[in-house]
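Subject: Structure handover and notes

Dear colleague,

Please find the structure below, together with the notes that I promised. I would be grateful if you could read them with the structure open beside you.

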Amino acid sequence: MSTQQENNFQAIIAHAKEYGFVFPGSEIYDGLGAVYDYGPYGSELKKNIRDYWWKSMTQLHENIVGIDAAIFMHPATWKASGHVDNFNDPMIDNKDSRKRYRVDHLIEAHAAKLEEKGQPKEAEALLQEMDALLSKDDFAGLKHLIESNKIVCAVSGTCNWTDIRQFNLMFDTKLGSVTDEADTIYLRPETAQGIFVNFLNVQKTARMKIPFGIAQTGKAFRNEIVARQFIFRMREFEQMEMQFFVRPGTEGEWYKYWKQARLQWHLSLGIPAKKYRYHDHVKLAHYAKEACDIEFEFPFGFKEVEGIHSRSDFDLTRHQLYSKKKMQYFDADIDAATGKPYGNYVPYVIETSIGLDRMFLLIMAHAYEEETITKEDGSTDSRVVMHIPEKIAPIKLAILPLTKKDGLPEIARDLMDECKNYFRCFYEEKDAIGKRYRRQDAIGTPFCVTIDHQTKEDNTVTIRYRDSMQQERILLSQVKDIVINAIV
RNA sequence: GCGGAAAUAGCUCAUCCGGUAGAGCAUCAGUUUCCCAAACUGAAGGUGGCGGGUUCGAGUCCCGUUUUCCGCUCCA
């Protein structure tokens, strides 16, 4: 990572705060780790990205519908999904090698070694003691067990361990107002399960036929071991997910389809293709058949923005097992091979999952530019401009009377009233015109319209384009449609 | 998690060896202004991250603490 890129990233973070995009969370209390708040322009941009995604998924795909499932879900959900068992383990670090181990794996490996050495009784006793301590969550006892058995790190060969800590991927809380009687439930670590548990509800009520998809956006929560890099890795974040249900045997072609379609969505925002790349997973998660990431070249390197996973029938089968409800679909289409309907089956799933906050950061990183301008007289000037795609810019149009008298504000206000029902506008009559243009550049407003004395004579205004800084004279009556054409 | 650095006005930064806290930009009020941040007048803005110590006196020296950044580690 070059120093220049690093500085650029710092500048983006500073700009984000200065211009009301992203603030550190709970800042007046010294902040809260890895939590951020979106400001006036940030919340607009975030909403616009979400809407753009939602529209591209639901409005433009007749076979995809949306839901909005609750963040709280029945605890059995996370048993079924594997989150409870896979992400709830006591961990221990070796101070010399700085390698991290799951405590049970470490002890089990040692027991296996004892067995090899012909000490099966000792191995058995060790495992029994471990199970007893694990069930009591006795971390001090477990550490003592490791030390007294002289279990060493495979890398450093030393027995120099940290205290045992529990790594909890999921946040828990209490459901029920009376604490004693309340049950522990989790804040969802992914939105996908809300889709899976509603699979039958959606399929039946919206009368969906396979292949079809269910889309959802929403908050999810994860404890991260290290949270850094601004909004890239947060404990509270928002996902935009779509689960696409297909007939078993067709998952390969649908995986290819969505892999391609999702990259196309990114490119549709006008971001250069060379900033993107695929990263195909070699090591796959327990549920996956095929998986890839769409990576973007952030100021701190290529990083994952979106994942496309072929999840097989893992999730629905697991929910079928835990809920004892049939998570199946009757496919009435005729199978050419047999001449009969495909019949009942658990559908296979292709998942597309994109981090809204990461997409936001992607847009900020792509858009931010410190530009040096050479003026007509040869002198240079600089501006900070956010080249945010018109479709998702927080403010679409700034309406600026050149002066605040001679009836210019009145004309500007009329234009404001005409346009504000269609898109977000910004009115300003303060300061010199150049200063107002620069302020709009800094928040990424693609169009500025200036009302001057000539407007009173011939109903024309100056429209000024953010990226080129070019100006042209257009009819006042054209303004609304020009902006609408650019943002739809 | 480990190591290093930093924290002064909304922002960027000064304040030399410990002696009353300063500028530019931004903000606010007004004047001026017909197209790219740069005109004029005035105003407001600070418990120097927080807590302790040394000292007649601390933004400045020492200790602690919090936060942030950098590197390594970890994690998807």
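The axes of helix α2 (residues 40-59) and helix α12 (residues 356-367) come within 10 Å of each other and cross at roughly 110°, where the axes are lines fitted to C-alpha atoms, for helices over the stretch in contact, and angles run from 0 to 180 degrees between N-to-C directions. The two helices α2 and α12 are therefore roughly perpendicular to each other, on a scale in which angles under 35 degrees count as roughly parallel, over 145 as roughly antiparallel, 65 to 115 as roughly perpendicular and the rest as oblique. Helices (H or I, at least four residues) and strands (E, at least two) are taken as DSSP runs and numbered from the N terminus.

Before going further, please note that this is a predicted model, in which local features need pLDDT of at least 70 and side-chain atom pairs count only at pLDDT 80 or more, while totals for chains, interfaces and linings use all residues. Residues are numbered from 1 along each chain as its sequence is written, chains are lettered from A and ligands numbered from 1 in the order in which they are written, and side-chain values use heavy atoms, with hydrogens and water left out.

On the α2 side the residues involved are G42, L45, K46, I49 and R50, and they meet L356, D357, M359, F360, I363 and M364 in α12, contact meaning heavy atoms within 4.5 Å. Sorted by class, this contact of α2 with α12 has seven nonpolar, one polar and three charged residues (Ala, Val, Leu, Ile, Met, Phe, Trp, Tyr, Cys and Pro count as nonpolar, Asp, Glu, Lys and Arg as charged, and the others, Gly among them, as polar).

Within α7, the residues G141, L142, K143, L145 and I146 are buried, where buried means under 20% relative accessible area, exposed over 50%, and partly exposed in between (1.4 Å probe, protein chains only). The buried residues of α7 pack against β4 (90-93) and α5 (103-116) as well as against α6. Just after α7, K150 takes a positive phi of about 55°.

Turning to charged pairs, a search of the whole structure finds 24 salt bridges, each being a side-chain nitrogen of Lys or Arg within 4 Å of a carboxyl oxygen of Asp or Glu. One of them joins E236 to K219, with the closest N and O atoms 2.6 Å apart. This pair links distant parts of the chain, since E236 belongs to strand β10 (residues 236-246) and K219 to strand β9 (residues 212-221), 17 residues apart. E236 counts as partly exposed at 33% relative accessibility, and K219 counts as partly exposed at 27%.

The side chains of R311 and D315 also meet in a salt bridge (2.7 Å, N to O), and both R311 and D315 are buried. A network of salt bridges links E190, R311, D315 and E351. In a further salt bridge, D467 pairs with R466, the closest N and O atoms being 2.7 Å apart; D467 counts as partly exposed at 37% relative accessibility, whereas R466 is buried, with a relative accessible area of 3%.

Some backbone details may also be worth a look. The peptide bond from I210 to P211 is cis, with omega near 5°, and P211 is found in the loop between α9 (199-205) and β9. S26, a residue other than glycine, has a positive phi near 50°; S26 lies in the loop between β1 (22-24) and β2 (36-38) and counts as partly exposed at 36% relative accessibility. K324 is not a glycine either, yet has a positive phi of about 60°; K324 lies in the loop between α11 (314-323) and β14 (329-335) and is exposed, with a relative accessible area of 72%.
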